[in-house]
There are 2 protein chains.
Amino acid sequence: MSSVSISLTGESRRYDVLVGAGISADARGHQHGRDRVAVLADRRVTALHGPLLDGAPTLEVEAGESLKTMDGLGRALEFCAASGLSRRSLLIAYGGGTVGDLGGLAASLFKRGIDVLQVPTTLLAQVDASVGGKTAINLPSGKNLAGTFHQPAGVLCDTNLLVTLDDAELSSGLGEVIKTAIIGGDETLTLVERLTPQLLDRDPAALAEIVEACVRVKARVVLSDHEERGPRRVLNLGHTFAHAIEHAAGFGAVPHGVAVGVGLALAAHASERTLGAPGSLTERTVRLLDRAGLPCSLEALREAYGLAGQLTPAALRDGLNHDKKGQVGAPEFVLARGEGDVIMGLHLGEDLLSELLA
Amino acid sequence: MSSVSISLTGESRRYDVLVGAGISADARGHQHGRDRVAVLADRRVTALHGPLLDGAPTLEVEAGESLKTMDGLGRALEFCAASGLSRRSLLIAYGGGTVGDLGGLAASLFKRGIDVLQVPTTLLAQVDASVGGKTAINLPSGKNLAGTFHQPAGVLCDTNLLVTLDDAELSSGLGEVIKTAIIGGDETLTLVERLTPQLLDRDPAALAEIVEACVRVKARVVLSDHEERGPRRVLNLGHTFAHAIEHAAGFGAVPHGVAVGVGLALAAHASERTLGAPGSLTERTVRLLDRAGLPCSLEALREAYGLAGQLTPAALRDGLNHDKKGQVGAPEFVLARGEGDVIMGLHLGEDLLSELLA
């Protein structure tokens, strides 16, 4: 097993992100010095890979956006109480991004904050959701509208867990991989282009190389901006469009990474039009999305998911107004002017928006 | 109008606690530089004193422990969303401790944290809940089991709002006043003894003097221990017993300050027995509780609230095990060895506990 250690320094803690085949076995080591450990686990992951920790109280949940509700949060908090967790205990989130988001939020609230260990089990969660300490649930009004910043005690990215991902989950993860690569710059993007065939074959070595590269990019960004007041927002590349898509489609109808993929294509077109970004970046983006099996346009997305009735220009425009990162009535965009050259806080004209959302 | 400014330095912000007759009018000044301001208000307070801010969206709620649930939190968060609040907005909590707890928690979660202004309207909230940044809701398993530390943008303690408190609310507040005075030391305790008659007459000058003195004591403690890992726990004097009483009686059946009062008497007896505390402190405590119209013993409490069937020794013992500050199975107590001399992290023997809870 090979693993890398990446240290992030938040306002009050340091933690390691370990990447490697079989690294989730390290969860056992996190029991030392704890009075209790409990696990919030994706039912499907434990069915495929077995329980993370034998003997630890485990709440098995159905992963997905429908988990990230006030009800789901209440159940997770009651599980912490029923497991007798104290401020010296550890909660482990063992699952994809939705399990990590919920587990992180429950841990940050239970007794006003206990430690959480993240063991992300999807490509999307390993490259994105596990790093940075953002936790959230959805409100009826919008996605991720309630949450906290709660840095984990550690993150274990076990690439063995990725071999059982189905094609849709893998592709969805590749959406975030491609986003991260564009932010990282030409070298990261070239690496992803080169390894995409092996990634689609679930080659463990390629997966570990890509996860590590993406975690490094994300760590670099997060380190510079712990509470998302500034530069961290480059990570929202393509996300204003993606959130609008998810809002219009209904939470969970389109996988996050798929929405991000289309968002990247839309952002690329917008960048060409407003920032004079080179067409070559748009081409690289669209070609990579295509090779990853992701829709490259709203049209392709509507067709692939049968959402022509939901993803109307008007519904998407409404979704943009609900995006939590933007100001009231004036959505803000993050666009790439080139590989590794990302601009934040941009507003787009109504004409261009209408054209892009058509 | 006279007011005092007390600056607390948390890990990332400073804020002022202003105390004075009519000081809630300063809420208008907090609108400057905000895109939106919304108010979470106790329905009874607005009925008595009018809306805090004309024209601001206001969610009127029924105050009390029943407000501090996952449902109540969901409604408060949806109100933030419906009011179009952004990260540059302000939520104002206008009410007693339960409104402040819920408003503070909703503000700390909405969009991962927006500012909250606390305008506490009860004596209990002004002397205690408004200072220190603790927010919480209850879980079915226990009181205040889910929450955050979220320092407010400011606190306005308007003593004009206290003149409409009924006797029960005023007495409940005096429970926390007496606790704070014991922690503060002989000078504060003597001040409270001297002013108790005027406090019971709702004399505005006396109220302002006491609130200010208590806020200063609490600020001194909180300043030294922002996240409640150490010295801040002196503020839990009497509270292990109080939480057990509230747990056994059912949340809301006994006002918090009343439970704290009985907890102070029990703690005083326990201090005499285990720490050799002078009987004179027990006498001062019991005499003050009595003059404030508060029950001074479990027996008096059972009789006053008709809770003989609920506040059984066994139910109280069970409640102690649920106290969130303690370790699993071994409740921790905070006791005063003398005026201003408070000891934390004490365990009491089963024999003594049985005797105290009889």
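Is N321(A) buried, exposed or partly exposed? With 14 C-beta neighbours inside 10 Å, N321(A) counts as partly exposed. The cut-offs behind these words are simple: a residue is buried if 20 or more other C-beta atoms lie within 10 Å of its own, exposed if 12 or fewer, and partly exposed in between, with C-beta atoms placed from the backbone. N321(A) sits in helix α12 (residues 313–321) of chain A. Its C-alpha atom is separated by 6.1 Å from that of P331(A), ten residues apart along the chain.

Before we go on, a word about the model and its labels. This is a predicted model, in which local features need pLDDT of at least 70 and side-chain atom pairs count only at pLDDT 80 or more, while totals for chains, interfaces and linings use all residues. Residues are numbered from 1 along each chain as its sequence is written, and chains are lettered from A and ligands numbered from 1 in the order in which they are written.

**Chain A as a whole**

Chain A has 13 helices and eleven strands. Here helices (H or I, at least four residues) and strands (E, at least two) are DSSP runs, numbered from the N terminus. The radius of gyration of chain A is 19 Å, close to the 21 Å that the globule rule gives for 358 residues, so chain A is as compact as a globular protein of that length. That radius is taken over C-alpha atoms, and the rule is 2.2 Å times the number of residues to the power 0.38. Along the principal axes, the C-alpha atoms of chain A fill a box of roughly 60 × 40 × 40 Å. Of the 358 residues in chain A, 55% are buried.

Two residues are in contact if their C-beta atoms, placed from the backbone, lie within 7 Å. Among the contacts in chain A with a separation of 6 or more, 72% are between residues 24 or more positions apart.

**Two domains in chain A**

Domain bounds come from an automatic or database domain assignment. For chain A, it gives domain 1 (4–164) and domain 2 (172–200 + 232–357). Their C-alpha centres lie 27 Å apart. In chain A, 15 residues of domain 1 are in contact with 15 residues of domain 2. On the domain 1 side, α4 (123–129) and β8 of chain A each supply at least two residues.

**How the two chains meet**

The contact between the chains takes 27 residues from chain A and 27 residues from chain B. On the side of chain A that touches chain B, α2(A) gives the most, with seven residues.

Two copies of a chain are related by a rotation about an axis and a shift along it. Here a rotation of 180 degrees with 0.0 Å of shift along its axis superposes chain A on chain B, with an RMSD of 0.0 Å. That is the relation of a two-fold axis. M70(A) comes closest to the axis of the residues of chain A, at 3.3 Å (C-alpha). Because 100% of the interface residues of chain A are also interface residues in chain B, the copies meet through the same surface.

**Two helices in chain B**

In α12(B), L316(B), G319(B) and L320(B) are buried. They cover an arc of only 105 degrees around the axis, which puts them on the same side of α12(B); the arc is that of the directions from the helix axis to the C-beta atoms. Their cover includes α8 (239–249) and α13 (350–357) of chain B.

What about α8(B)? Eleven of its eleven residues are buried, so α8(B) is largely enclosed by the rest of the structure. Among what covers them are β8 (142–149), α9 (256–275), α12 and β10 (333–338) of chain B. Just after α8(B), G250(B) takes a positive phi of about 95 degrees.

Conventions:
Copies are superposed by least squares on the C-alpha atoms of residues with pLDDT of at least 70 in both.
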